[in-house]
Amino acid sequence: MTMIDMLLAIALQSVDRLPPAGPMPAPDFDEASVLAPINETFRALEKQDSAALLRHVYPEGRVTAVGTLPSGATGLRLSSWTEYAARMKPGNGFKERITKPAIEMDGDIALVWAPFTIERDGKIVSCGTDHFDMVRQNDTWKIMNITFSSRTTGCPGQ
């Protein structure tokens, strides 16, 4: 028996020992409750309402951006939510929307990964991917951190 014949025989024997494949179980959580603070944060950003923003985040959490922003700034930018909220100015808002969020959860932590677009004055000005670290405390989900990529060209709807 050659080495190839022996490996083939072993592989064929192993197939009989595998359990039958079945569908993945449905997630055991309420997706809407994880997304609610994200949607409320987007409303606060649109209104540039720092108090509303800080109600849905952990102030000591981080905002991390990588890429190009509509202002033309590039590279890595980071701040705490408190620092970010302090820079908000009424009338400077934008509409951020995510699509097709992927949500993973284990107990009181979750992550949300989703493509986004940002609209200003009815025009898509940037896009990328958001990654939210979510933490639930006292039955309330909040955003601990957001990390996002950003680009100003090649966005859906531009």
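Before going on, here is how to read the numbers. This is a predicted model, where local features need pLDDT of at least 70 and side-chain atom pairs count only at pLDDT 80 or more, while totals for chains, interfaces and linings use all residues. Residues are numbered from 1 along each chain as its sequence is written, and side-chain values use heavy atoms, with hydrogens and water left out.

Buried means under 20% relative accessible area, exposed is over 50%, and partly exposed falls in between (1.4 Å probe, protein chains only).

The largest nonpolar core holds 29 residues, and Ile 38, Val 112, Phe 132 and Met 134 have the most contacts inside it. Such a core is a set of buried Ala, Val, Leu, Ile, Met, Phe, Trp, Tyr and Cys residues joined through side-chain atoms within 4.5 Å. H2 gives the largest share of this core, 6 residues.

Gln 48 follows H2 and has a positive phi, near 55°. You'll find Gln 48 in the loop between H2 and H3. A polar atom of the Gln 48 side chain lies 3.1 Å from the backbone nitrogen of Lys 89. Leaving aside neighbours within four places in sequence, Gln 48 is also in contact with residues including Met 88, Pro 90 and Phe 94.

**Strands side by side**

Two strands pair if DSSP finds at least two bridges between them. E1 and E7 pair in the parallel sense over 5 bridges, and Val 63 has Ile 146 in E7 as its bridge partner. E6 and E7 run antiparallel, joined by 8 bridges. Their hairpin has 2 residues between the strands, and Asn 138 there takes a positive phi near 55°.

Ala 65 is in strand E1. Ala 65 and Gly 75 are 10 residues apart in sequence and 7.9 Å apart in space, C-alpha to C-alpha. Ala 65 also touches Phe 148, as well as Gly 75, Leu 76 and Arg 77, not counting residues up to four places away in sequence.

**A sulfur link**

A disulfide is a covalent bond between the sulfur atoms of two cysteines. The model has 1 disulfide, counted when two cysteine sulfur atoms are within 2.5 Å. Cys 127 is joined to Cys 155, with 2.2 Å from S to S. The link is left-handed, with -85° about the S-S bond. Cys 127 is in strand E6 and Cys 155 in the segment after E7, so the pair ties together parts that are 28 residues apart in sequence.

| Residue | Relative accessibility |
|---|---|
| Cys 127 | 1% |
| Cys 155 | 7% |
| Gln 48 | 9% |
| Ala 65 | 4% |

Conventions
Helices (H or I, at least four residues) and strands (E, at least two) are DSSP runs, numbered from the N terminus. A polar contact is a pair of N or O atoms within 3.5 Å; within protein, one must be able to donate a hydrogen and the other to accept it, and residues adjacent in sequence count only if both atoms are side-chain atoms. Contact means heavy atoms within 4.5 Å.
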